[in-house]
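This report goes through selected features of one protein chain. The sequence and the structure come first, and the description follows.

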Amino acid sequence: MNERIEQILNEVRGFKADSKEALENFRITYLSKKGIIPALFADFKTIAPELRKEMGMKLNELKNAVQEKVEEQLQLFESQQVDTFDFDMSMPANEMHGARHPLSIVRRDINSIFEHLGFTIAEGPEIEDDYHVFSALNFPPDHPARDMQDTFFISKDPSENKPSDILLRTHTSSVQVRAMESRKMPIRIIAPGRVFRNEAISARAHCIFHQIEGLYIDKNVSFVDLKQTLYHFVQEFFGEGTKVRFRPSYFPFTETSAEMDISCNICGGEGCNICKHTGWVEILGCGMCDPNILISSGIDPEIYTGFAFGMGIERIAMLKYQINDLRLFFENDLRFLEQFELA
Ligand code: PHE
């Protein structure tokens with residue numbers, strides 16, 4: 001028996017586990033109820049009494065050796081695991097995943113074209129008051145023009161059933177009003193931002209969308225400047241040779257007012273589904289600032305004139321990328337988003 005124990009002791013001392021599972025198997029082989037060591041202790045009862053003392057010591061030595069081995073190897077695994085958390089600073093970074101949202105790309109590109117013309121970016125609050133969204137822009141109370149933009153009102157006390165003065169802005173023209181109130185002449189700004197209208201969600205409309213509006217007020221600003229600025233924008237954004245045309249329109253805050261169409265960039269003016277076979281698509285509203293809105297912001301219309309324009313970013317993006325459903329912009333479907341340029 002002595003020899004056998006010596007042999008096992010040697011095996012145990014030389015053991016090296018190459019995985020946690022191997023270590024656990026080792027532990028089970030020796031220490032579990034049916035393992036080698038309990039079996040040796042059982043044999044111990046059968047040996048001659050004069051040998052028991054020596055054998056007992058040997059057996060205990062073996063048991064301790066196995067337990068120490070298990071402890072030692074376990075600690076080794078744990079220290080190795082900590083090692084794997086060490087950072088290798090020289091390792092190359094993971095590849096960038098993700099793309100810019102198409103609305104961000106279009107907004108960035110439009111902003112950049114106007115910034116090159118000397119426009120600066122202005123921002124304002126999304127929760128606005130009636131004055132900055134409507135009254136200051138020549139929408140008198142109860143005037144039917146207010147119905148052009150279905151508005152979300154925010155009531156301070158919902159139990160009070162009276163119209164609220166606070167609302168979600170329906171256009172970023174409110175930022176133009178704030179600019180006229182606070183900036184010195186001349187004013188040359190664009191106002192990109194999120195706007196809200198109480199409209200049913202469909203392939204062509206959403207209750208949340210984005211606009212970029214522009215405002216230029218100075219001495220001697222004329223309709224020619226408006227046309228030339230927008231013509232330049234269209235050539236830069238949609239490509240040289242894109243034609244523009246202006247149709248008379250109505251907005252309470254501009255006089256003269258117009259809507260601008262561009263020759264359909266899909267069919268090149270031949271006629272297709274996108275342009276409803278007219279060869280033209282509407283992209284923005286514009287006009288000369290109505291003298292009334294200059295007056296209400298303290299600007300003398302005898303000295304200064306100005307123009308304003310406004311466009312929907314979704315609409316421009318749909319034309320640029322030939323997207324036929326506006327809801328795609330808001331659904332965050334990766335199959336859609338991954339098609340756009342990397343950040
Ligand atoms: N604010 C208008 C809209 O949201 C667009 C517009 C801006 C029209 C400036 C003319 C001048 O529909």
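In which helix is Lys69 found? Lys69 is found in helix H4, residues 49-84.

**Basis of the description**

This is a predicted model, in which local features need pLDDT of at least 70 and side-chain atom pairs count only at pLDDT 80 or more, while totals for chains, interfaces and linings use all residues. Residues are numbered from 1 along each chain as its sequence is written, and side-chain values use heavy atoms, with hydrogens and water left out.

Lys69 is buried, at a relative accessible area of 10%. (Buried means under 20% relative accessible area, exposed over 50%, and partly exposed in between, with a 1.4 Å probe and protein chains only.) Not counting residues up to four places away in sequence, Lys69 touches Val12, Arg13, Phe15 and Phe26; contact means heavy atoms within 4.5 Å. Helices (H or I, at least four residues) and strands (E, at least two) are DSSP runs, numbered from the N terminus.

Helix H2 (residues 20-31) and helix H3 (residues 36-44) have axes that come within 4 Å and cross at roughly 10°. H2 and H3 are therefore roughly parallel to each other. Thr29, Tyr30 and Leu31 of H2 make the contact with Ile36, Ile37 and Pro38 of H3. Helix H3 also holds Phe41, which is partly exposed at 29% relative accessibility. Leaving aside neighbours within four places in sequence, Phe41 is in contact with Leu59, Asn60 and Lys63.

Axes are lines fitted to C-alpha atoms, for helices over the stretch in contact, and angles run from 0 to 180 degrees between N-to-C directions. Angles under 35 degrees count as roughly parallel, over 145 as roughly antiparallel, 65 to 115 as roughly perpendicular and the rest as oblique.

**Nonpolar cores**

The largest nonpolar core has 43 residues, and those with the most contacts inside it are Ile110, Phe114, Phe233, Ile283 and Met311. Elements that each supply at least two residues of this core include helix H5 (102-116), strand E6 (208-218), helix H8 (223-238) and helix H10 (313-321). Another core, of 24 residues, lies apart from it, with Leu137, Ile187, Ala191 and Ala308 among them. Such a core is a set of buried Ala, Val, Leu, Ile, Met, Phe, Trp, Tyr and Cys residues joined through side-chain atoms within 4.5 Å.

Ile110 touches Ile212, Phe233, Phe237, Met311 and Ile316, not counting residues up to four places away in sequence.

The axes of H5 and H10 are 9 Å apart, and the two helices pack at an angle of about 100°. That makes H5 roughly perpendicular to H10. Among the residues that meet here are Leu103, Val106 and Ile110 in H5 and Ile313, Glu314 and Ala317 in H10.

His210 lies in strand E6 and is buried, with a relative accessible area of 18%. The side chain of His210 makes a polar contact with the side chain of Glu314 at 2.7 Å. A polar contact is a pair of N or O atoms within 3.5 Å; within protein, one must be able to donate a hydrogen and the other to accept it, and residues adjacent in sequence count only if both atoms are side-chain atoms.

**Backbone geometry**

A cis peptide bond, with omega about -10°, joins Met185 and Pro186. Pro186 lies in the loop between helix H7 (173-182) and strand E5 (187-196). Gln322, not a glycine, has a positive phi of about 55° and is exposed, with a relative accessible area of 53%.
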